[in-house]
Amino acid sequence: MTYNSFSFFVLLVFLMILYFSVPKKARYVVLLFFSQVFIWFAGGKSSVVFICGTAVFTYVLGRLIVREKSLGIQKTLLAIGVLGVLGVLFVFKYKTYFSFLPSRVLSVSIPIGISFYSLQVISYLIDIYRKEIDAERNILKYMLYVTWFPHILQGPIARFGQLSQTLFEGIGFSYDRFCKGLQLVIWGLAQKMIIADRAAIVVNEVFANGSRYGSVQVIYAAILYGIELYADFGGCVNISIGVSRIFGVQLADNFRQPYFATSVQDFWRRWHISLSSWLKDYVYIPLGGNRKGTVKKYVNLMITFLISGMWHGVGNHFIVWGGLHGFYQVLGSIVRPYKKRLQRLCHVREDSRLLHAFQVIITFILVDVAWVFFRAESISQACGLLQIAATKWNLWSLWNDDLYLLGIDRKETWLMIIFIVIMFVVDYWHEKKIAIRDTIAGYSIVVRWTIYLAILMAVILFGKYGYGFNAADFIYMNF
Amino acid sequence: MQMKNFWKSVLFIFLFCALFSLATILVLNKTERDTKGFYQQRENSIDVLFVGSSHAFCSFSPILMYQELGFTGCIRASSCQRSWESYTLLEESFKYQKPKVVVYEVMSAFQGEPQYEAFSREIYDTMRPSMTKVKGIAADIDGSEDLDYLSMYIPMVRYHERWKSLEKKDFTYMSQKNLLPYKGYQLSFDIDPATEYDAEMYNREMEVENCTQKSEDYIRKMKALCDEYGTAFVMVKTPTVYESYWDVGKSYGMQKLAEELGVPFIDYNMGDNAIYIDWSKETCDKGNHLNHYGAEKVTRAFGKWIDEKYDLPDHRDDEAYLDWQTAGMEYELAIAKIKLKETGDYLAYMDYVNDYFAQNEDFVVFITAKSNILECMQQEHTDKLVKLGDDLNYTGPGARIPNIFICCNKQIVEKKQQSDGIIEDYTIGGHHFKVDCQNTGDMEVCDIYADGQLVGMNAIGLNIVIYDLKNEQVLDSCYAKFDEQQFLNIYRY
C-alpha cells in the first residue's frame, strides 16, 4: 500500500468515518490504530514491530532524560538513544556488509520509513536533552507522533514540538479544510501518476541501457529524471500535507518550488526542507557551523552533505552525490565575491530578470548532473552516462522519432510535456505568492468544479496505474 | 450552511460519477465482444437462448431460424466460455427474458481453469451491476492469477490507457441502437480448410471423459435454474474436428451427464444426429469452428429439431416482432456485402446490386462505361442495367464516348454522356462526390472521389463502384469485361 494505491483511499474513507464519529479525546487513538494498519499493509508486520519498538525505546529514554538531574547521565541516556537508533538504521541500510550476522536477522526486510522516523526520534531526544521540549507522558500519543501514516513513507521529518500542536487535538470536521486537503491530494496524485510515473519509464530505460543511446537520449533522460523526482517528491508531499489537513493536522512545509532556486544553497532551502533543517540543527551547527572560520565552515558543509548522501542510500554514488552538493556550495561561497564583481563590471543589476533566469538554469544544470549520480547504480555508470552525454552527439534524434522509442510514444510524451508545463506554471504562481487554491475558490462554482473534475478525470484517464504497469513506489520511500 | 455543503458534496460526487461512467463507456467501446447488445433486446421476446463458448456463436444463426421457422433466439456465448460463466449469463438473462428453451453448447464444460482475462472481460465488463455479476466474477477469479476484483468491477482501471486510441466512432457507439445485429451470431465467410484431421476420430472407442467437478456443478445449476423458470434445457455439441478440444470421450461424458439430468443431448459429430460438414469449405479455422456455410447446415438441422420438439411460436406475422424483420434485412444485407465481393459472374453480381444496394439509401452505385461495351452486351446483361433504371439511351456504336450512371435509394442521381468527358460534383447522403471522366483517345480514365478521397479509378469495360455512405468506405470497385469465351465476368483491380 502506498499513497497512490486504491486501498489507501479505502482506508482513508474508513478512517474519516471513524475519526469524526468518536469523541474528540479518543481521536488520536483512532489515528494511531489506522497508522499501524497502514504500516502493516505497506511494510508488513516487521515494520510495525520495529517502528513501535523504536517508539517505546525512545519514549522510555525521553522520560528518563527528563527525570534525571545529572547532566552526565542525561548525556549517556541521549547517547544510548541516538546510537541505538542510528545503529539499527545503519545495520538495516548496510546489512550487506554484516554477513556475519545470523541469516534470520539479515532476512528481515527493512522497515518502511526507517530513515525518516529514525531522524524524528533522534530530534525528539535531542530536543528533550536541550530542554526545548518536554517529554511526552502519554506513550500512545508519542507513538502516534512517530508513526503518523501520512509522513511515515517520505516525510516531512516532523519535530515533536511542531507536530504535537495539532496531531493530538482531535480537531473537528471542517468542510473547507476537507476540500482544500482533498485538492492537494488530487494535485499530488496528478504529479505522481501523470508526470513522475510516465517520466520514470524513459528514465529507467535509458539508465538501464545507456550504452545503446546517444547524448540526446541521455540528456533527455537526465532532465526527465530531475522532473520525475520533482513531481514524485512534490506529489508525495502534497498528498501527505493534504491528508493531514483533512484531520486538522499541520505538517511542516517540505517542498517549495526547488527548481526555481537561483543557487544550490537556495535549492536546499526549498528541497526536502525538513531534512535540510534537521541536518542544519543536529549536524552542521553542532559541528560548529560557520562560527569557527571559513575553512571549518567548508569542512562542516562537506561533512553535512556527505552524511546527507549516506542517509539517502547505500553506495558510493550517493556519497558522490552528497559530496557534489557540498562542493557546489563551497565553490558557490568562494566565487560569490568574484561573481558580484563581474556583475558590476557587466552592469548587470541584482534584480535583472535575465540574470535570475540564468541563475535558475545554471542551478538546475548543476543539480541535474548530481541527480545522475543519485539515480545511477554506481559511480562508473553515472560517469559513463555523463561521458555519453558529452561525446556521443546525435542531434538528429531531436527531429526523428527516436525520443518516442524510449517506452512512451508520441501521444504520451506530449501529454507528459503538457502536464509538466502545467505543473511548472502552478509552481511559478506559488513562487509569485499567488494562492492558487484560494484564487480558484473565488471563481464561480461552474468554473471551479470544471477545474476540479478535469484534474480528477485527468488522473483517472492519464495516470499510470493498473494492469501492465508496475506501480512505481514513491522514490523517497526507498531511502 | 452544513446542509448546503452536504448537498454540494453530493452533487459533486454525482457529477464525478456521471463523468466517470461516461469515460468508462468510451474506453469500453474498444472491447470487441460484449454484453451490451443483449440488454437492447425487448423484454420477454426471446424464445430460445443459447449459452456456451465460441462454438455456439459460430454455429447457430437465430435470424435464419426466425426467417425459416419463425421463433426467436439470442446467443449469449463468448470465447472459451466456462460453464460457470454460462450459468452467470443464464441467471442474468432470466432477469430480462423468459425463454422457452435454453441451449447449452457443451464445449465450455471442458474449457478448464482458470479463465483468461480477455475472455472473462467479454462477459463482465459490460454486464449490469448485480449480485449475479459479483458471484460470477468471484467464480472466475477463483484460482486465477490474471484477474483482480478491482479492475473487474471498475474496468476503467484496466482500460484507462485506451485514451490514446479513441476514435470518432467511439463517441457515437453508445448511441447505436442495434449492438447485436445478428442476435449474437458471428457471421464469417472465411475458409481455412481442415486438412489434417482424422476422418475416423468419431468412430474410435474411447473411455468416458468427465468434465471437472466445478463445470459439472454449474451445468447442474443451469438445469436447476431452468427448472425454476419452467424452461427446457438442451445440451448440444456442434460439429468440430479439432481433436485437442473435443473427442468421443468427451461426448460420452456429456451424454452421461445429460442422461443423469434427464435432458436431451444432441451431438452433431456422431451418432444419429451427426451431420455432414465439408471440412474443406465449411470451417473458418482448420476444423475448430464452422463458417457461415457450415453454420447454415447446423442452424437448419437444429432449428427443425427444436421447433418440432418444443412447438415454438411463429412470430413472422406478428407485428410486435417487426424489429426481427428489420434485423433479417440487415442480416441479408451483411451476407450480400460479403457475397458481392466474392462474386465473379456479372449476372449474379448485378442481382446483388439491384436487390441490396441500388435501393438502399446507405449506398451509392456508380457505373461508368465506354459506350461500345454496351453494344457487345446481350439482352440478359443489359436487362440488369435497365432494372437499375438506366434506359441505355447512349450514342451509337463505336463512339467511345464516356457515359456515367449514378443511382442511390432507387433514384437516378445522374445519367450522362459527353464526348469531351464528364467532370461533375455531386452531394449524396451528406457526402461530396466528384466524377472526373476524360476521353483521352485510347485511354479513357474515370476517377471517382468521395470526400476528396479517390475511391474509383476505372478505365476498362463497364466499371462499377459501390460506396458505403454509412461506413464511409468503398464496398466494392470492379469492372465487367468479356473473357475469351465471351462470358461477361467481374474483375477487381
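These notebook entries record what I looked up in a predicted model with chains A and B.

**Conventions.** I number residues from 1 along each chain as its sequence is written, with chains lettered from A and ligands numbered from 1 in the order in which they are written. The model is predicted, so local features need pLDDT of at least 70 and side-chain atom pairs count only at pLDDT 80 or more, while totals for chains, interfaces and linings use all residues; side-chain values use heavy atoms, without hydrogens and water.

**Chain A, overall.** I found 20 helices and zero strands in chain A; helices (H or I, at least four residues) and strands (E, at least two) are DSSP runs, numbered from the N terminus. The radius of gyration is 23 Å, close to the 23 Å from the globule rule for 479 residues, so chain A is as compact as a globular protein of that length. That radius is taken over C-alpha atoms, and the rule is 2.2 Å times the number of residues to the power 0.38. Along the principal axes, the C-alpha atoms of chain A fill a box of roughly 70 × 60 × 55 Å. I noted 54% of the 479 residues of chain A as buried, where buried means under 20% relative accessible area, exposed over 50%, and partly exposed in between (1.4 Å probe, protein chains only).

**Chain A, contacts and surface.** Among contacts in chain A with a separation of 6 or more, 74% join residues 24 or more positions apart; a contact means heavy atoms within 4.5 Å. The accessible surface of chain A is about 21800 Å², with 67% belonging to carbon and sulfur atoms (Shrake-Rupley method, 1.4 Å probe; for residues, only the protein chains shown count as cover).

**Helix α14 of chain A.** I checked the length of α14(A), residues 294-312: its 19 residues should span 27 Å at 1.5 Å a residue, and the end C-alpha atoms are 27 Å apart, which agrees. The expected span is 1.5 Å times one less than the number of residues. Its buried residues include Y298(A), L301(A), F305(A) and W311(A). Their cover includes α4 (71-93), α6 (114-129) and α15 (316-345) of chain A.

**Two loops of chain A.** P23(A) lies in the loop between α1 (6-21) and α2 (27-43) and, at 58% relative accessibility, counts as exposed. I found its C-alpha atom 58 Å from that of S380(A), 357 residues apart along the chain. K433(A) is in the loop between α18 (410-431) and α19 (436-441); its phi is near 65°, a positive value in a residue other than glycine. At 72% relative accessibility, K433(A) counts as exposed.

**Chain B, overall.** I recorded 17 helices and 15 strands in chain B. Its C-alpha atoms fill a box of roughly 80 × 80 × 45 Å along the principal axes. Of its 493 residues, 53% count as buried. Chain B exposes about 22400 Å², of which carbon and sulfur atoms supply 51%.

**Helix α1 of chain B.** The 27 residues of α1(B), residues 2-28, should span 39 Å, and the end C-alpha atoms are 38 Å apart, which agrees. Buried residues here include N5(B), F12(B) and L26(B). I saw that the buried residues of α1(B) pack against α10 (175-208) and α20 (445-462) of chain A, together with α9 (156-159) and α10 (168-173) of chain B.

**A loop of chain B.** N409(B) sits between β7 (402-408) and β8 (411-417), with phi near 55°, a positive value in a residue other than glycine. At 33% relative accessibility, N409(B) counts as partly exposed.
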